[in-house]
Amino acid sequence: MKRLNRIGVIYIVIILILVLVGLLWQSRDYDKISKIDYRTNSKQIMRRVIIDPPAFRAEIKEIMSKDLLTIIRDYQVDEHTWEIIGQSDKYWLLADYINKATIVEIPAAGPSQETRYKEMSVYDGYIHAGSEAYLAIVFFCIMIIAVCAVDKNSLPHLFLKSK
Amino acid sequence: MNIKLTQYFWGGPNHAISKGLSLSLIIFAVALMLRISFMLLMLSGIGSSHLVDIFPDTAKYISAGEYLLGSNYQGEPYLFLVGPGYPLFLAIFAMGFGWGYWLILIIQVILSSFSCVIIFRLAELLTRNLYISTISGLLVAVSLTAISLASAILSDALFLFFLAASLYLFVEGMTGDKWKACLWSGIAGGMATLVRSISMLFPALFILFALLLPLSMTAGNRKSMVIKSLVAAGIMIIIPGFWGLRNYATYGTFNVASSGYLAAKSYLMAKILVEGEKRHVSDFQNLRDSIYEVSMENYRAGHYKQDQDDNLAFIVSTIKKYPGVFLKYFLSTSLDNATAVSTLHPLQLPQFNRASAWMTKYFYRGFNNYAVLTVSLLGFFIYIKKSVRIAVILILPIIYFALFSGLTFGQGSRIFFPAIITQSVLVSVGILFFYDLSLIAKSSIKSKWKSLSIRLK
């Protein structure tokens with residue numbers, strides 16, 4: 001009984017540590033994708049001349065949602081740059097990819113900057129979500145405790161001769 | 001189940017030989033059936049005339065084979081690149097039967113099925129556990145990568161056959177104190193290296209295995225085991241060494257195959273340079289292709305030695321300049337290859353791509369799946385409880401192929417595929433552990449339920 005209690009406590013501690021690691025890993029993934037520079041680590045996927053930038057940004061968001069991406073962040077970086085971050089599943093644990101669309105407004109050329117027309121470029125960058133590696137580590141940690149806890153004599157097919 | 005049949009397959013110690021033979025036949029039959037079915041489905045879908053178009057490497061092997069037959073002098077650079085083993089295999093069949101690829105596929109299917117039996121026998125020798133060995137053999141028999149590669153005009157099925165045979169004969173030679181087995185092990189290993197030069201450092205593993213194998217499993221003493229391992233390792237080095245000498249005499253460079261060098265130079269170094277020099281990520285493809293083309297042009301111009309020397313200097317200087325980036329990509333490429341899923345079958349069975357979309361969605365997360373690697377690592381720690389030495393012997397080939405794969409690029413499951421020889425054993429240990437654990441849980445629940453019912457009564 002004492003042994004079972006000890007194993008139970010170890011399991012709870014390990015699970016708490018793994019949950020914390022998961023939260024840190026998720027935050028690291030989101031941090032990593034937001035640091036991606038569209039100039040070096042993204043591909044230009046669209047370039048349009050438009051009148052209504054907010055409507056254009058909403059259109060990009062809709063396209064991302066249609067591509068089965070769950071939008072997790074949508075923010076303005078500076079006066080001419082917006083970023084939309086989406087992941088391939090609602091939950092980070094089940095996501096394969098985290099994508100970032102960077103919308104860049106190219107300032108109008110010419111004597112006057114006040115013009116109806118804006119040239120917008122969209123860049124797409126992505127990273128693999130670390131969720132699968134994390135889940136593998138969680139599974140491994142949980143099972144390794146079972147490996148240490150179980151007496152090898154109670155594993156008949158593994159440690160007793162079958163011949 | 002019929003009792004007589006059960007006794008025939010699972011009888012007492014007197015039936016040990018027939019049991020092993022029966023299981024070998026079952027594993028061979030399952031493997032053969034799956035591989036032939038796959039091959040027939042593939043041929044019905046893409047046609048035999050397009051067999052050579054599926055994978056880019058096929059054309060290189062055929063060119064090299066034609067060069068060996070003296071019919072295509074443009075195949076010379078490819079022979080230098082891929083080595084003589086597989087092109088010779090193709091050329092032998094071409095000499096006898098013309099370039100009829102269907103016969104080559106049938107032979108590969110048979111060899112691949114034999115590999116499953118060899119792995120079953122190897123697992124039996126190492127673990128002395130029929131459950132582990134049977135599951136290992138069956139895992140290789142149903143492995144989608146193994147099935148796909150058996151039906152591909154690529155060197156992998158032939159390489160696996162030779163390497164598995166080499167390892168099995170080596171362990172047989174050690175455990176049974178048989179000199180003949182060790183000699184044949186060296187010959188099979190040498191043939192494997194001629195097919196794919198990735199096994200050129202395997203002789204070092206043989207010597208390690210001789211030091212690790214428990215004396216309780218072997219008929220001889222440690223000294224005789226080490227001597228036998230040195231002989232096997234020596235033969236495994238000498239056989240491809242002849243080809244290296246041939247290249248030295250012809251081109252001035254001692255080399256069995258230069259595909260490894262070229263892959264490291266064009267893929268890994270290009271990746272490192274793009275990140276190290278902070279170039280745009282789209283530059284990688286251009287850089288990789290230009291590095292590759294420069295080497296191929298050098299080969300066509302006959303500058304083999306110069307290119308080899310340049311390869312080495314380029315690799316060393318790039319690693320020295322960006323050691324951190326090298327380590328990052330080396331480890332991530334190793335992990336990528338070790339967790340890669342089979343990506344060959346969509347090309348070979350395009351008619352089933354829509355039907356297999358569910359598999360792609362639920363099992364293949366991107367191009368990687370960590371399940372097999374996790375279970376094999378778990379299997380390693382489980383088997384340590386029985387024998388640390390055998391556990392280490394089983395994991396060493398996995399580490400070997402994982403580390404080598406880090407020097408190239410993500411190639412799907414193909415590059416890490418040879419590790420299946422011992423990885424299948426560790427995975428089967430993991431599977432058996434889950435099964436025994438479920439039995440423990442079941443009996444524990446049963447006894448608790450019984451005591452609860454008694455208390456309630």
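This is a predicted model: local features need pLDDT of at least 70, side-chain atom pairs count only at pLDDT 80 or more; totals for chains, interfaces and linings use all residues.
Leaving aside residues up to four places away in sequence, A:N99 touches A:I33, A:M64, A:L69, A:I84, A:I85, A:G86, A:D124, A:G125 and A:Y126. A:N99 sits in strand 4 of chain A, which covers residues 97-106. Show the side chains of A:N99 and A:D124: they make a polar contact at 3.2 Å. Is A:N99 buried or exposed? Its relative accessible area is 14%, and the cut-off for buried is under 20%, so A:N99 counts as buried.

Next, display both chains and select the residues where chain A meets chain B. The contact takes 33 residues from chain A and 31 residues from chain B. About 3,000 Å² is buried between chain A and chain B, and carbon and sulfur atoms give 67% of that area. There are 0 salt bridges between chain A and chain B, but 10 residue pairs are in polar contact, with both residues at pLDDT 80 or more.

Stay on the chain A side of this contact. Helix 2 (38-41), helix 4 (131-149) and helix 5 (156-159) of chain A each supply at least two residues to the side that touches chain B. Coloured by class, the side of chain A that touches chain B shows 21 nonpolar, 7 polar and 5 charged residues.

Now move to the largest nonpolar core, which has 125 residues. Select A:L158, B:Y86, B:F202 and B:F401, the members that touch the most other members. Helix 6 of chain B (residues 101-127) provides the largest share of this core, 15 residues. Another core lies apart from it; this one has 16 residues, among them B:I291, B:I315, B:Y329 and B:F330.

Go back to B:Y86 and show its surroundings. Not counting residues up to four places away in sequence, B:Y86 touches B:Y61, B:I104, B:Q108, B:A152, B:I153, B:L154, B:S155, B:L158 and B:V195.

The last two stops concern backbone angles in chain B. Most residues other than glycine have a negative phi. B:D177, not a glycine, has a positive phi of about 55 degrees. Find B:D177 in the loop between helix 9 (156-176) and helix 10 (179-195) of chain B; B:D177 is partly exposed, at 36% relative accessibility.

Finally, select B:K278 in the loop between helix 13 (259-276) and helix 14 (283-300) of chain B. Phi of B:K278 is also positive, near 55 degrees. B:K278 is exposed, with a relative accessible area of 67%.

Technical notes. Residues are numbered from 1 along each chain as its sequence is written. Chains are lettered from A and ligands numbered from 1 in the order in which they are written. Side-chain values use heavy atoms; hydrogens and water are left out. A nonpolar core is a set of buried Ala, Val, Leu, Ile, Met, Phe, Trp, Tyr and Cys residues joined through side-chain atoms within 4.5 Å. Buried means under 20% relative accessible area, exposed over 50%, partly exposed in between (1.4 Å probe, protein chains only). Helices (H or I, at least four residues) and strands (E, at least two) are DSSP runs, numbered from the N terminus. Contact means heavy atoms within 4.5 Å. Buried area is the accessible area (1.4 Å probe) that two parts lose on being put together, summed over both. A salt bridge is a side-chain nitrogen of Lys or Arg within 4 Å of a carboxyl oxygen of Asp or Glu. A polar contact is a pair of N or O atoms within 3.5 Å; within protein, one must be able to donate a hydrogen and the other to accept it, and residues adjacent in sequence count only if both atoms are side-chain atoms. Ala, Val, Leu, Ile, Met, Phe, Trp, Tyr, Cys and Pro count as nonpolar, Asp, Glu, Lys and Arg as charged, and the others, Gly among them, as polar.
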